[in-house]
Amino acid sequence: MRVAIIGAGPSGLACALELQRLGHKPIIFERYHRVGHPVERVDTLLHLAWLPVRDQLSYLARKCGLHLHPLAPLHCIIMSSPGHRVTVRSPRLGYLLVRGRSPLSIENQLAAGLKSPVIFETVADPQELARDFDWVVVATGDSKPTRQLNLWKEYSSAVIKGALVLGEFDPRTFHIFWDTRYAGHSFGYLAPLDRNRASIHLCIGGIEPEEIDDYWELFLESEKLHYHIIETYEQEFHCGQPTRHRTGNILLVGNSGGFVCSLLGMGLFPGLISGVLAARAIAGSGDYEKMVQPLTRRLEQLNELRFHLEKLDNRSLDRLVGILGLPVIKHLIYHSGLNIIPIICNMLSRLTGSTLRTRTAKARHR
Ligand SMILES: Cc1cc2nc3c(=O)[nH]c(=O)nc-3n(C[C@H](O)[C@H](O)[C@H](O)COP(=O)(O)OP(=O)(O)OC[C@H]3O[C@@H](n4cnc5c(N)ncnc54)[C@H](O)[C@@H]3O)c2cc1C
């Protein structure tokens, strides 16, 4: 069986490893000359997002055979809104992972187990490959091929500016910032790479890429993030869902399959799983569309939370952060193991008087 995988990111590599395990040898096409984005950055896995899965890395090891090592466990989250700051401490908040060119990056950890060939410096086209291969897995990390297949239903788009900075950091603390003046209805965050380096990101929807610099300056100034910047980068990010995840012999995984939530742009965990499920479907053990349903249902819940957050102004954000800081609420969210996301959605829905139906209808008309 001839299988092509487009993209040597986490979801494409997870698919390749599972195919290998099942006795197949896919060919992977990657546009860069090596595995891993040219810039190093830190990604976060928040356990809260995927409850009842309590530990995403051990789930990936047990259920997907993917043994990945984090940079560090996440022990502290600081949430800031203009008038409030809340600190949550617990040994089980999630993980920090390195991405990109680093030898320890998730991409390079996955690539270490690869026996299948990677054709580097090749921009592959799904529809062309679909003529020559039995299966094509699209893992390009963007919605472009999905749009070209007329399957993309957009929820939101954002411009992201990121920087690698030098300073002094606690390597187990993640800091998230909400302020509509510089982030609109999105957010900024700081995630440490080690004691002396960190990734800073600002994500903002509804602007043109050339506008990001002004918001970036305001973000750094407002939050007093006066660090030495080593390198910066910008990219556009689209969140949405394909109307289906398979068309003919083409399967969509990772970001290309909409396996990323618009809440905080978290897509690593669902992306890796979608890659593994695509491999299993190709090897004949199921219908890919049905296999990914639990993932898409959970993403819908997270997207709904994002939808409600978009309605909040700075005063409401202060109130929300204040509520999230109450000991009883903290306990409920971080220690009870309850799937708190629908409860928070419900609370915000009452606060803002909005329902997700409005959004789904909007998306359908785009
Ligand atoms: C700034 C930023 C911060 C993020 N932070 C987090 C986080 O904290 N936690 C989290 O869970 N998620 C986070 N995400 C989302 C997460 O990174 C993605 O969901 C995840 O990388 C998806 O993996 P992927 O394999 O689908 O795509 P990618 O990681 O984007 O990999 C796609 C690969 O395909 C290659 N490619 C693209 N087009 C072609 C082509 N035509 N031919 C050949 N190769 C091609 C690319 O070069 C790349 O190597 C973040 C995303 C961004 C942009």
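Helices (H or I, at least four residues) and strands (E, at least two) are taken here as DSSP runs, numbered from the N terminus. The structure is a predicted model, in which local features need pLDDT of at least 70 and side-chain atom pairs count only at pLDDT 80 or more, while totals for chains, interfaces and linings use all residues. Residues are numbered from 1 along each chain as its sequence is written, and side-chain values use heavy atoms, with hydrogens and water left out.

Let us start with the overall picture. The chain contains 14 helices and 14 strands. Its C-alpha trace spans about 60 × 45 × 40 Å along the principal axes. The radius of gyration, taken over C-alpha atoms, is 20 Å, which agrees with the value near 21 Å that a compact globule of 366 residues would have; the globule rule is 2.2 Å times the number of residues to the power 0.38. Of the 366 residues, 54% count as buried, meaning under 20% relative accessible area with a 1.4 Å probe and protein chains only (exposed is over 50%, partly exposed in between). Contact means heavy atoms within 4.5 Å, and among contacts between residues at least 6 apart in sequence, 72% join residues at least 24 apart.

Turning to the sheet, six strands form an open arrangement with mixed pairing, in the order 6-2-1-7-14-13. Two strands pair if DSSP finds at least two bridges between them. Strand 6 (118-119) and strand 13 (246-247) are the edge strands, each pairing on one side only. Strand 1 (residues 3-6) runs parallel to strand 7 (residues 135-138), the two being joined over four bridges, and Ile 6 has Val 138 as its bridge partner in strand 7. Helix 1 (residues 10-21) lies across strand 1, strand 2 (27-29) and strand 7, at about 155 degrees to strand 1; axes are lines fitted to C-alpha atoms, for helices over the stretch in contact, and angles run from 0 to 180 degrees between N-to-C directions.

Rings of Phe, Tyr and Trp (its six-membered ring) pair if their centres lie within 6.5 Å, with planes under 30 degrees apart counted as stacked, over 60 as edge-to-face and the rest as tilted. Nine such pairs are found in the whole structure. One of them, Phe 174 with Tyr 189, is tilted, at 5.4 Å centre to centre and 40 degrees between the planes. This pair links strand 9 (residues 173-177) and strand 10 (residues 187-192), its members lying 15 residues apart. Phe 174 is buried at 5% relative accessible area, and Tyr 189 is buried at 14%. Elsewhere, ring pairs link Phe 177, Tyr 182, Trp 216 and Phe 219 into a cluster.
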